[in-house]
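Hi everyone, thanks for coming. Let me put the structure up, and then we can walk through it together.

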Amino acid sequence: MKLVDRSIVITGAASGIGRALALRFARERPRGLVLADLPAQRAALEALAADLSAGDGAGRAAVATLAVPGDVGIESDVQALVAAADARFGHVDVFCSNAGLIRDGSEFTPDADWTLSWQVHVMAHVYAARAVVPGMRARGEGYLLNTASAAGLLTSLPSATYAVTKHAAVAFGEWLSIQHGAAGVRVSVLCPQAVDTPMIQQRAGAAAAANDGVITPAALADCVVDGMAAETFLILPHPQVETYFRRKGEDYDRWLGGMRRFAAKLDSLPDPDRR
Ligand SMILES: NC(=O)c1ccc[n+]([C@@H]2O[C@H](COP(=O)([O-])OP(=O)(O)OC[C@H]3O[C@@H](n4cnc5c(N)ncnc54)[C@H](O)[C@@H]3O)[C@@H](O)[C@H]2O)c1
């Protein structure tokens, strides 16, 4: 799908990848952008919306942009987000479920942390699909871009909650694509490794994900525009991920053995370089 004249919702838009997507999409001359993030991020969200509404006078034209604070883990907030987009731009052509978080976690992580990751990484995608897929099916077109992670295809060494819920995000994206693809609804899952955003800048334990290099959010956003134009299900800004994913599928036990050795190697590093 080309993004010219489309109405696009982006969650987690106040920071990192969501912010970069908004800035990159604005260059495609969309009809409008609707940016969502937590109420605590209202100032950053509104500043970005004002910047996009004004344009930069150098390749990024002014784009009508709304800021709609809300929590994507609460269904009524997602419904209100879509209602605001519908009211301003008629309907939603593209919904980018991008908000996310990561905390270290294991089987001993408290239930509250499991629930938070589940709500933000999985149920937020479910709530978005409930809100926009019926209209997309009726119009015979629409696009869901769900940010998962390479952790959703492979794993995350420091965080079981992240690995498990990102796998679920990929699984839900697959299911949506199978069920709604014939009706014109396109689905992509974005599965990067390390991207230079506050999410990894604030974590000493990001070395494993950064093993193949840290890319800029702007470079990732270019890959997303290309991936959406090609309508590929997997959008992999780190091409190595495709090789790892194939190896996992070809010989699961060999892949697990390699991951155990990698985890042991990282555990032998001094803090804060480990993981
Ligand atoms: N940065 C990376 O290396 C990396 C790698 C793979 C996947 N990802 C994924 O990319 C997405 C964006 O992450 P990022 O790196 O830009 O991180 P980030 O921390 O810079 O941005 C995430 C944004 O999501 C928002 N958010 C969190 N919970 C929310 C909620 N309940 N409702 C609304 N907004 C909420 C945050 O306020 C924040 O602005 C996440 O889904 C993340 O898991 C990031």
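Let's start with Glu231, which sits in the loop between α7 (217–230) and β7 (234–235). Helices here are DSSP runs of H or I with at least four residues, strands are runs of E with at least two, and both are numbered from the N terminus. The phi angle of Glu231 is near 55°, a positive value in a residue other than glycine. Glu231 counts as partly exposed, at 35% relative accessibility. For that term, buried means under 20% relative accessible area, exposed means over 50%, and partly exposed is in between, using a 1.4 Å probe and protein chains only.

Before I go on, some housekeeping. This is a predicted model, where local features need pLDDT of at least 70 and side-chain atom pairs count only at pLDDT 80 or more, while totals for chains, interfaces and linings use all residues. Residues are numbered from 1 along each chain as its sequence is written, and side-chain values use heavy atoms, with hydrogens and water left out.

Now, Arg29 also has a phi near 55°, again a positive value in a residue other than glycine. You will find Arg29 in the loop between α1 and β2 (32–37), and at 56% relative accessibility Arg29 counts as exposed.

On to the ligand. Which residues are closest to the ligand? They are Ser15, Ile17, Asp37, Tyr162 and Thr197, out of 27 residues that surround the ligand. A residue is counted there if one of its heavy atoms lies within 4 Å of the molecule. By residue type, the shell divides into 13 nonpolar, 11 polar and 3 charged.

An N or O atom in the side chain of Ser15 is 2.6 Å from an oxygen atom of the ligand. Tyr162 has a polar side-chain atom 2.6 Å from a ligand oxygen atom. With Ala99, a polar backbone atom is 3.5 Å from an oxygen atom of the ligand. Taken alone, the ligand exposes 830 Å², and the protein buries 92% of that. Those areas come from the Shrake-Rupley method with a 1.4 Å probe; for residues, only the protein chains shown count as cover.

Which elements give two or more residues to the shell around the ligand? They are α1 (16–26), α5 and α6 (198–201). The largest share, 3 residues, comes from α6. As for α1, 9 of its 11 residues are buried, including Ile17, Leu21 and Phe25.

Back to Ser15 for a moment: Ser15 is in the loop between β1 (7–11) and α1, and is partly exposed, with a relative accessible area of 30%.

A quick stop at Ser149, in the loop between β5 (142–147) and α5. Ser149 is buried, with a relative accessible area of 7%, and a polar atom of its side chain lies 2.9 Å from the backbone nitrogen of Ala151.

Last, the aromatics. Rings of Phe, Tyr and Trp (its six-membered ring) pair if their centres lie within 6.5 Å; planes under 30 degrees apart count as stacked, over 60 as edge-to-face and the rest as tilted. By this rule the count is 2 aromatic pairs. The rings of Phe172 and Trp175 have centres 6.5 Å apart and planes at 5°, so this pair is stacked. Both residues lie in helix α5 (residues 160–180), 3 residues apart, about one turn of the helix. Phe172 is buried at 17% relative accessible area, whereas Trp175 is partly exposed at 45%.

The rings of Tyr252 and Trp255 have centres 6.2 Å apart and planes at 70°, so that pair is edge-to-face. Tyr252 and Trp255 both lie in helix α9 (residues 252–267), 3 residues apart. Trp255 is buried, with a relative accessible area of 14%.

Note on methods:
A polar contact is a pair of N or O atoms within 3.5 Å; within protein, one must be able to donate a hydrogen and the other to accept it, and residues adjacent in sequence count only if both atoms are side-chain atoms. Ala, Val, Leu, Ile, Met, Phe, Trp, Tyr, Cys and Pro count as nonpolar, Asp, Glu, Lys and Arg as charged, and the others, Gly among them, as polar.
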